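Subject: Structure for you to look at, with notes

Dear colleague,

Please find below the structure I promised to pass on.

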Amino acid sequence: MARQRLGLLGGTFDPPHVGHLAAATEARAALDLDRVLLVVANDPWQKTAERELSAAADRLAMTEAACRGIEGIEPCAIEIERGGPSYTIDTLRRLSAPDLDLFLILGVDAAAGLPTWERHDELPGLATLVIVERAGDVPPAVDPAWNVVHLPLNRLDVSSSDLRRRVAAGRPLRPYVPEAVIAVVEERSLYGSARS
Ligand code: ATP
Ligand code: MG
């Protein structure tokens, strides 16, 4: 049987947006990946001190909605099921299998933080690093132990932080967030959105 090629795009997904979907779908096409998992962090320990996150169940529901109908892009709850702080090393170890090649997909911002990650020196043995580079990005220097692929991506200037501020200010999430995700945001009154 052919080896499987599995991409992982980890994130807080609070909320998921078109930038995440663009990175996942472009990586899947460019690297001929069978599937790309959007891995929803349970406790993104480097972020939790900064602000109150939406509940993991809400972030997962939004991520499920974001992936609906997109071939080869799937939500992954492995870090939520494991509980505790979300360390990518644990996720890679759990997913690795003899007939599987793993691809860790990171934006330049996330890749720059790799040296601060838990047991970061063990990561390069487990996956190929895919650095998503948007025009104007300065790619960070990474541990030479990594097998690195650079993936150019059109810049979609959207971030979850901006989107949370938009909702709080009563501005629309459209068109930066898929309709199915907006439905979850409204149903669950997330980000201070009022039910309309
Ligand atoms: P926040 O604003 O809360 O930091 P975010 O939108 O940056 O949220 P993250 O969960 O921090 O989303 O990022 C998850 C992954 O998606 C990271 O690897 C990040 O580089 C990448 N990413 C985030 N926004 C974009 C975008 N607009 N285009 C491509 N990749 C993105
Ligand atoms: Mg971010």
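What follows is a short account of what was found in the structure.

Please keep in mind that this is a predicted model, in which local features need pLDDT of at least 70 and side-chain atom pairs count only at pLDDT 80 or more, while totals for chains, interfaces and linings use all residues. Residues are numbered from 1 along each chain as its sequence is written, chains are lettered from A and ligands numbered from 1 in the order in which they are written, and side-chain values use heavy atoms, with hydrogens and water left out.

I begin with the ligand. There are 21 residues around ligand 1, and of these His17, Lys47, Asp109, Ser160 and Ser161 come nearest, where a residue counts as near if one of its heavy atoms lies within 4 Å of the molecule. Some polar contacts (pairs of N or O atoms within 3.5 Å) can be listed one by one. Histidine 20 has a polar side-chain atom 3.0 Å from an oxygen atom of ligand 1, and a polar backbone atom of serine 160 is 2.8 Å from an oxygen atom of the ligand. For arginine 164, a polar side-chain atom lies 3.4 Å from an oxygen atom of ligand 1. On its own ligand 1 has 600 Å² of accessible area, of which the protein covers 90%; such areas come from the Shrake-Rupley method with a 1.4 Å probe.

Next come the aromatic rings, of which the structure holds one pair. Rings of Phe, Tyr and Trp (its six-membered ring) pair if their centres lie within 6.5 Å, and planes under 30 degrees apart count as stacked, over 60 as edge-to-face and the rest as tilted. The pair is edge-to-face because the rings of tryptophan 45 and tyrosine 87 have their centres 5.4 Å apart and their planes at 70 degrees. Tryptophan 45 lies in the loop between strand S2 (35-40) and helix H2 (56-67), and tyrosine 87 in the loop between helix H3 (78-82) and helix H4 (88-95), so the pair ties together parts that are 42 residues apart in sequence. Helices (H or I, at least four residues) and strands (E, at least two) are DSSP runs, numbered from the N terminus. Tryptophan 45 is partly exposed at 31% relative accessible area, whereas tyrosine 87 counts as buried at 19%; buried means under 20%, exposed over 50%, and partly exposed in between (1.4 Å probe, protein chains only).

How many disulfides are there? The count is zero, a disulfide being a pair of cysteine sulfur atoms within 2.5 Å. The sulfur of cysteine 76 is the nearest one to that of cysteine 67, yet it is 10 Å away, which is too far for a bond. Cysteine 67 is buried at 4% relative accessible area, and cysteine 76 is buried at 9%.

Finally, the backbone deserves a look. A cis peptide bond, with omega about 0 degrees, joins aspartate 14 and proline 15, and proline 15 is in the loop between strand S1 (4-11) and helix H1 (18-30). Aspartate 32, although not a glycine, has a positive phi of about 55 degrees; this aspartate 32 lies in the loop between H1 and S2 and counts as exposed at 58% relative accessibility.

How values were computed: Polar contact = N/O pair within 3.5 Å; in protein donor to acceptor, adjacent residues only side chain to side chain.
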